Amino acid sequence: MLPSRRGRPARVTAFAALLLGTAAAGALAGCGDTGGLRDAGATAAARSPARLWPGLPPASSPAYDIGEVEHARVEGVAVPGGDIRGADPVAAVRAEIAAHPDDYAGTGARYHETSARMADCGTDDPENTGDAEDTENTEDTARDGCPVLRPYYRDLTGDGRPEMALGFRLLPGRLTAVRVYTVEKDRLVRVMSYDDAVSAVELAGRAVVVRSPSEVAGYEYRLQWTWDADQRAMLLTSDEMLRADDGGGDGDGDGDGHTGRPSPSASPSPSPSASSPSGDAP
């Protein structure tokens, strides 16, 4: 029997009492339940993109050549059995140095110390290589004083065979060259080339991510290259300025002209005979 309200009979049928009791029990059982719908507040009205200067004639060609496509056969570097793990990383760097004497040869060249210190490299140590996930108990360089960093291997093209990710220091400055090589018809082919002040390089899935310091304190540049089967090269698919995980850069870059994205001076340009955007390496 439920208490009566003023003006209503006190007597309630047994069926009604059962229904009310069931409802009350359900209400008590639901106390503290946070799974229900909640008001998310006002939703901002959707707006379509506003096109600025609609009368401006569209550009038909890029203003600067930033090296979007890198596909260059590396001359003089053997790939035994078509397995890129058998290619000598030091020989690949020496071949690039030989192809660009203006950047490396002579004391007046901007990376002359890199060329001089290649004498410390000898040939690559087979034990100083590994998969991208293998980062323990290995040194960064093939030899003490050698500017060539140890190579990493991962399938970046999706063909089931590994590519070689390689870096070397551009001295006497504080830049790092980042390269990716693949194999085509038992020949070594460079499919990515980028030089910058580098904070970190990561292989994320089949992408190469380069993190570089920004001139803005607390932020960094993150650039991502992804394999493009049509161009047969790693293309720059993301260029972002994001808040750094560890508090960001020092605010002054590296003093060597960091730009945050590839530029005509960011990396040596392959000669017309060594590179073809259409990928016609024999």
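W53 is found in the loop between α1 (14–29) and β1 (72–73), where helices (H or I, at least four residues) and strands (E, at least two) are DSSP runs numbered from the N terminus. The structure is a predicted model, in which local features need pLDDT of at least 70 and side-chain atom pairs count only at pLDDT 80 or more, while totals for chains, interfaces and linings use all residues. Residues are numbered from 1 along each chain as its sequence is written, and side-chain values use heavy atoms, with hydrogens and water left out.

The backbone at W53 has a positive phi of about 50°, although this residue is not a glycine. W53 is also exposed, because its relative accessible area is 64%; here exposed means over 50% relative accessible area, buried means under 20%, and partly exposed lies in between, as computed with a 1.4 Å probe on protein chains only. A positive phi occurs likewise at K185, another residue other than glycine, with a value near 55°. K185 is placed in the loop between β5 and β6, and with 69% relative accessibility K185 counts as exposed.

A further backbone feature is the peptide bond from L171 to P172, which is cis, with omega near 15°. P172 belongs to the loop between β4 (163–170) and β5 (175–184). As background to these backbone features, most residues other than glycine have a negative phi, and most peptide bonds are trans.

Turning to the side chains, a search of the whole structure finds 2 aromatic pairs. Rings of Phe, Tyr and Trp (for Trp, its six-membered ring) pair if their centres lie within 6.5 Å, and planes under 30 degrees apart count as stacked, over 60 as edge-to-face and the rest as tilted.

Y194 counts as buried at 1% relative accessibility, and W225 is buried with a relative accessible area of 4%.
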